[in-house]
Amino acid sequence: MKAIQFNNLNKTPIRTKSWVNINDISLGELNIGEIKKFDNVEIKGSEGVDIQKLENDKILPLYREFQYGISEDLINQGKEDFNQGYLITIGRNIKTDEPIIIEFNFDKDNSSLVDNLIIVGEENSKASIIVKYKSLDDSNGYHNGICTIYSKKNSEIKLTKVNFLNENTVHFDSNVSDIEEDGKVDFISVDLGGQYSIYNYHGDLIGDKSAANINSIYLGSKDKLIDINYIVTHKGQRSNSNINVKGALQGKARKAFKGTLDFKTGASKSVGAEDEYCMILSKEARAKAMPVLLCAEDDVSGEHAASSGRIDENKLFYLMSRGLSYDEAKIVIVRAAFNPIIDSIGDNDVIEEILQEVDRGLKNE
């Protein structure tokens, strides 16, 4: 297995001033150990959907080049050295009611996961896939995941990824989607764990009237480091995108958000919007953001915004005057920001698990 470099990761599509220190991220040397077997996987709700275990010699025709991704090294590790992988195919005209849930459970015997997921939504199909990464103990862990989504004509794919990893685990997650005419991909990211959480998602709107929605929440505590890089490329006419990110930082947690809407020539009458808001819950937490609009087409509409700030003292006072403690009031306010995204996941058990973890994380700052 080739050595992995963990410097200059998650590069932005364009560069800004180096002193801003947001163009990429370097983690130095990480001792990730040997990538061994990972057997603690559960799959639920796969009725009506074809799920095959990946083997290298069977999936090469489905590979596409990651235009972005966290780094070339990590993408190649995901393609060549994965120890878990699945090809999920939603057949033509198949529409599933229940989500497909894939759980990767980390423990001392399953501490290193490199997973490769390929999701194919054939024409007129619809499905929801939920992927959970969860630590069952306090073992040191390593996760590097890559996911490729093919949304064919008039298909709808909702992919939710939930990070329940412990604070001793490094978490890398790279995703790319090809979205054809009238296709739609909803990507939901819930980040509640890990020592480092590095995310990259590229939605490629190649067809007319295609759509990409990104809804994301994050909660950083103690010394956690979060780096998020979301890119949507508009190529088809009347394509539509929306990036909506809500987060909260406490302790000495640090976060960098990079969001790019890129309107290519030919993407006339396309619409894109991005908004990121971070709640700062401690004096030592730090947040940076870089929202970007790139445009090579005249007849488009793009909006972007990013902001951060402390919890409104008036809201805290109001809730505490009604009998809530400071911690209880803080949880109510953070939940209110997170709930619209959490509720959109559509599985009550997963939603309840997320809410419990949010509460636990806010209480144990």
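Visitor: Is Ala305 buried, partly exposed or exposed?

Guide: Keep in mind that this is a predicted model. Ala305 has a relative accessible area of 34%, so the residue counts as partly exposed. You'll find Ala305 in strand E18, which covers residues 301–310.

Visitor: Which residues does Ala305 touch, leaving out those up to four places away in sequence?

Guide: Ala305 touches Glu274, Asp275, Glu276 and Pro291. For a sense of scale, take Gly346: it sits 41 residues from Ala305 in sequence, and the two C-alpha atoms are 27 Å apart.

Visitor: Now the sheet. In what order do the 9 strands of the open sheet come?

Guide: The general idea first: strands of a sheet pair through backbone hydrogen bonds, in either a parallel or an antiparallel way. Here the order is E2-E3-E5-E7-E9-E11-E13-E15-E17, with mixed pairing. Strand E2 (50–53) and strand E17 (286–295) are at the edges with a single partner strand each, so one side of each has no neighbour in the sheet. From one strand to the next, the twist averages 10 degrees.

Visitor: How many bridges join E11 to E13, and do those strands run parallel or antiparallel?

Guide: They run parallel, and 10 bridges join E11 (residues 196–205) to E13 (residues 225–234).

Visitor: Which strands does helix H2 lie across?

Guide: H2 (residues 72–80) lies across E5, E7 (141–151) and E9 (169–179), and its direction is at about 80 degrees to E7.

Visitor: And a helix pair: at what angle do H4 and H5 cross?

Guide: Two packed helices are described by the angle between their axes and the distance between the axes. For H4 (residues 326–343) and H5 (residues 348–363), the axes cross at roughly 150 degrees and come within 11 Å. That angle makes H4 roughly antiparallel to H5, and the crossing of H4 and H5 is right-handed.

Visitor: Which residues of H4 and H5 meet?

Guide: On the H4 side they include Ile331, Val334, Phe338 and Ile342, and on the H5 side they include Ile354, Leu355, Val358 and Leu362. By class, the contact of H4 with H5 has 9 nonpolar, 1 polar and 5 charged residues.

Visitor: Last one, on backbone angles: what is phi of Asn8, and of Asn124?

Guide: Phi is near 55 degrees for Asn8, a positive value in a residue other than glycine. Asn8 is in the segment before strand E1 (41–44) and is partly exposed, at 41% relative accessibility. Phi of Asn124 is positive too, near 65 degrees, and Asn124 lies in the loop between E5 (112–121) and E6 (126–135).

Terms used
Residues numbered from 1 in each chain as written. Predicted model: local features only at pLDDT ≥ 70, side-chain atom pairs only at ≥ 80, totals over all residues. Heavy atoms only, no water. Axes fitted to C-alpha atoms, helices over the stretch in contact; angles between N-to-C directions. Helix = DSSP H or I, 4+ residues; strand = E, 2+ residues; numbered from the N terminus. Parallel < 35°, antiparallel > 145°, perpendicular 65-115°, else oblique. Left-handed = near helix turned anticlockwise from the far one by under 90°. Contact = heavy atoms within 4.5 Å. Nonpolar A, V, L, I, M, F, W, Y, C, P; charged D, E, K, R; others polar. Buried < 20%, exposed > 50% of the residue type's maximum accessible area, 1.4 Å probe, protein only. Pairing = 2+ DSSP bridges.
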